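Hi everyone, thanks for coming. Let me put the chain up on the screen, and then we can walk through a few of its residues together.

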Amino acid sequence: MIKGCKSIAEYAIRRFLIEQGFQLSFFDLDMCENQGTLMDCNGDSLTFVYDNEKKCVYTK
């Protein structure tokens, strides 16, 4: 169960990350509208986008 999500986009991105095997406790996820930037302890980041029309998440 994913608690504390403020939008459907955030929920979809968090669920996608969990399904891909990410341990979210080791990363910071910053949301801006339908995009989420995942950052690790080294400062490296990935940006994920939730596509509302296709109902899917992809890497930008």
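Before the residues, one term: buried means under 20% relative accessible area, exposed means over 50%, and partly exposed is in between, with a 1.4 Å probe and protein chains only. Please keep in mind that this is a predicted model, where local features need pLDDT of at least 70, side-chain atom pairs count only at pLDDT 80 or more, and totals for chains, interfaces and linings use all residues. Residues are numbered from 1 along each chain as its sequence is written, and side-chain values use heavy atoms, with hydrogens and water left out.

Let's begin with Glu33. This residue is not a glycine, yet its phi is positive, about 60°. Where does Glu33 lie? It sits in the loop between strand E1 (28-32) and strand E2 (35-39); strands here are DSSP runs of E, at least two residues, numbered from the N terminus. Glu33 is exposed, with 72% relative accessibility.

Lys55 is our next stop. Here phi is positive too, about 55°, and again the residue is not a glycine. The loop that holds Lys55 runs between strand E3 (45-51) and strand E4 (56-59). Lys55 counts as exposed, at 56% relative accessibility.

Key:
Helices (H or I, at least four residues) and strands (E, at least two) are DSSP runs, numbered from the N terminus.
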